[in-house]
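Thanks for coming, everyone. Let me put the structure on the screen, and then we'll walk through it together.

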Amino acid sequence: LPLESPLPDIEWHYASNALWFFFGRNRPCDNMNLRGRPEHTDSITTDGTWHLQLSGCKTWFLKPTPQLKEHLTKQNVATTFWSNESARVRVDCEEGDVLCINTRLWFHSTIIPPQDV
């Protein structure tokens, strides 16, 4: 992430036994990105979620919530990047990648680009 200083030590506090599967495929003949839900946060009670890209690729667009910005400021993890409200971090996940993120603290949206079957 575009931070001006390293992140403080991260401690994982709680994870549930829930397991969710999301499936999507975007055929190359469509030649357009397949959009997921509009930017949102999730109502989760855990401290994070794991997203394993089993095949193909998926692009995530991330922006911290005001709650997360406040927490980072208190931890002296300041960044001018987030001062622009339209700024997003783009994360391209490919087959075998794992994205660990707290989807309660990060606004997120996704797309699946056209891909071969």
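Start with threonine 59: its bridge partner in strand S4 is aspartate 92. Strand S3 covers residues 57–64, and six bridges join S3 to S4. The two strands run antiparallel. Strands count as paired here if DSSP finds at least two bridges between them. S3 also pairs with strand S6, residues 106–112. That pairing is antiparallel too, over six bridges. Within it, tryptophan 60 stands opposite threonine 110 in S6.

A word on provenance. This is a predicted model, where local features need pLDDT of at least 70, side-chain atom pairs count only at pLDDT 80 or more, and totals for chains, interfaces and linings use all residues. Residues are numbered from 1 along each chain as its sequence is written, and side-chain values use heavy atoms, with hydrogens and water left out.

Now the overall layout. The protein has one helix and six strands. Both are DSSP runs, numbered from the N terminus: helices are H or I with at least four residues, strands are E with at least two. The order from the N terminus is β-β-β-α-β-β-β.

Next, contacts, meaning heavy atoms within 4.5 Å. Take the contacts with a separation of 6 or more: 91% of them are between residues 24 or more positions apart.

On to the salt bridges. How many does a search of the whole structure find? Three. The criterion is a side-chain nitrogen of Lys or Arg within 4 Å of a carboxyl oxygen of Asp or Glu. As background, side chains of opposite charge can pair when their charged atoms come close.

Arginine 88 bridges to glutamate 39, with the closest N and O atoms 2.7 Å apart. This pair links distant parts of the chain, 49 residues apart. Arginine 88 lies in the loop between helix H1 (66–74) and strand S4 (89–94). Glutamate 39 lies in the loop between strand S1 (34–35) and strand S2 (49–52). For exposure, the classes use relative accessible area: buried is under 20%, exposed is over 50%, and partly exposed is in between (1.4 Å probe, protein chains only). Arginine 88, at 30%, is partly exposed. So is glutamate 39, at 33%.

Glutamate 70 and lysine 74 also meet in a salt bridge, at 3.2 Å from N to O. They sit four residues apart in helix H1, so about one helical turn separates them. Glutamate 70 is partly exposed at 46%, while lysine 74 is exposed at 62%.

Then there is arginine 90 with aspartate 92, where the closest N and O atoms are 3.0 Å apart. Aspartate 92 is the residue we started with, the partner of threonine 59. Aspartate 92 is partly exposed at 41%. Arginine 90 is exposed at 52%.

What about disulfides, defined as cysteine sulfur pairs within 2.5 Å? The count is zero. Cysteine 93 is buried at 5%. Cysteine 100 is partly exposed at 35%.

Last, the surface totals. Of the 117 residues, 29% are buried. The accessible surface is about 8,600 Å², and 53% of that belongs to carbon and sulfur atoms. Those areas come from the Shrake-Rupley method with a 1.4 Å probe; for residues, only the protein chains shown count as cover.

Key: A disulfide is a pair of cysteine sulfur atoms within 2.5 Å.
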